[in-house]
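User: I want to go through the labels used for this model and hear what each one rests on. Please set the value against the cut-off each time.

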Amino acid sequence: MIEGGCHCGAIRYRVDEDLIDAGYCHCDICQQTTGAPVLAWSRFPFEAFSYTEGQPVVYESSEWGQREFCGTCGAQICYRDIEEPETVEVNTATLDEPESFEPEYHIYTVDQLSWFEIDDDLPRYERERPEGGDAGSDADDDDDDDDDDDDDQKPDDFDDYDDEDGKDR
């Protein structure tokens, strides 16, 4: 069993199945909801995730997804799709043993902050990692910034949430 919780202890959760995958997200929404330049997350089957103490505050951060936070300390616990979620993406740092869930790749590097340098050899994707793809086989080249026919899992209007002033989130 995998367990975790928020900083103050008001929220505790557990996961009863193994990790699907783990990564880093550089998207604008993750940056703004965590206050950090990148978010490390660990994905698990939705039905395997449950809260064991407390209930989170739910924030619909987009038309397709929600973030769940502790209402006391503000720690962001997870992300999940609003309609028919199949997985839950737990913020890795909220796991009791985060060292056990090492990220495998980077997504949404198109939104990576210019002053944030990545010094690892993990695959990088400008947007979402291709569905069912090997983490190393379909990684974007850093020179491929004009690829608009990506395998993005987000709705077509995702760029509407990506404006420079950040007010459409």
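User: Which residue stands opposite Gly-23 in β4?

Analyst: Trp-41 in β4 stands opposite Gly-23. The model is predicted, so local features need pLDDT of at least 70 and side-chain atom pairs count only at pLDDT 80 or more, while totals for chains, interfaces and linings use all residues. Residues are numbered from 1 along each chain as its sequence is written, and side-chain values use heavy atoms, with hydrogens and water left out.

User: What makes β3 and β4 a pair of strands, and in which sense do they run?

Analyst: Strands are DSSP runs of E with at least two residues, helices are runs of H or I with at least four, and both are numbered from the N terminus. Two strands pair if DSSP finds at least two bridges between them. Strand β3 (residues 21-25) is joined to β4 by 5 bridges, and the two run antiparallel. The count meets the cut-off, so they are called paired.

User: How many bridges join β4 to β9?

Analyst: There are 5 bridges between β4 and β9, which run antiparallel. Within β9, Glu-89 is the bridge partner of Arg-43.

User: Why is the contact of Arg-43 with Glu-89 called a salt bridge?

Analyst: The term requires a side-chain nitrogen of Lys or Arg within 4 Å of a carboxyl oxygen of Asp or Glu. The closest N and O atoms of Arg-43 and Glu-89 are 3.0 Å apart, so the pair qualifies. Asp-21, Arg-43 and Glu-89 are linked in a network of salt bridges.

User: Is Arg-43 buried or exposed, and what about Glu-89, buried or exposed?

Analyst: Buried means under 20% relative accessible area, exposed means over 50%, and partly exposed lies in between (1.4 Å probe, protein chains only). Arg-43 has 14% and is therefore buried. Glu-89 has 17% and also counts as buried.

User: What makes β4 mostly covered?

Analyst: In β4, 6 of its 7 residues are buried. Strand β8 (residues 76-81) is likewise mostly covered, with 5 of its 6 residues buried.

User: Which strands are joined to β8?

Analyst: Strand β7 (residues 65-69) is joined to β8 by 5 bridges and runs antiparallel to it, with Gly-65 opposite Asp-81. β9 is joined to β8 by 3 bridges, again antiparallel, and the bridge partner of Arg-80 there is Val-88.

User: Which residue takes a positive phi in the hairpin of β7 and β8, and which in the turn between β8 and β9?

Analyst: In the hairpin of β7 and β8, with 6 residues between the strands, Gly-74 has a positive phi near 85 degrees. In the hairpin of β8 and β9, with 5 residues between them, Glu-84 has a positive phi of about 50 degrees.

User: How many salt bridges does the structure hold?

Analyst: The structure holds 6 salt bridges. One of them joins Asp-96 to Arg-12, with the closest N and O atoms 2.7 Å apart. Asp-96 lies in the loop between β9 (87-91) and β10 (106-107) and Arg-12 in strand β2, so the pair connects parts that are 84 residues apart in sequence. Asp-96 is partly exposed at 42% relative accessible area, and Arg-12 is partly exposed at 22%.

User: How do you know that Arg-14 and Asp-16 meet in a salt bridge?

Analyst: Their N to O distance is 3.3 Å. Arg-14 is partly exposed at 31% relative accessibility, and Asp-16 is partly exposed at 46%.

User: What is the strand order in the open sheet of 3 strands?

Analyst: The order is β1-β2-β5, with antiparallel pairing. β1 (2-5) and β5 (49-53) each have a single partner strand, so they stand at the edges and one side of each has no neighbour in the sheet. β1 pairs with strand β2 (residues 12-15) over 4 bridges, in the antiparallel sense. The bridge partner of Gly-4 in β2 is Tyr-13.

User: Which residues of the lining are closest to the centre of the second largest pocket, and how do the lining residues divide?

Analyst: The closest to its centre are Thr-34, Leu-39, Ala-40, Asn-91 and Ala-93. The lining divides into 8 nonpolar, 7 polar and no charged residues. In that division, Ala, Val, Leu, Ile, Met, Phe, Trp, Tyr, Cys and Pro count as nonpolar, Asp, Glu, Lys and Arg as charged, and the others, Gly among them, as polar. A pocket is an open set of points on a 1 Å grid over the protein atoms alone, where a 1.4 Å probe fits and protein lies on both sides within 12 Å along at least five of seven lines; lining residues have an atom within 4 Å of a point.
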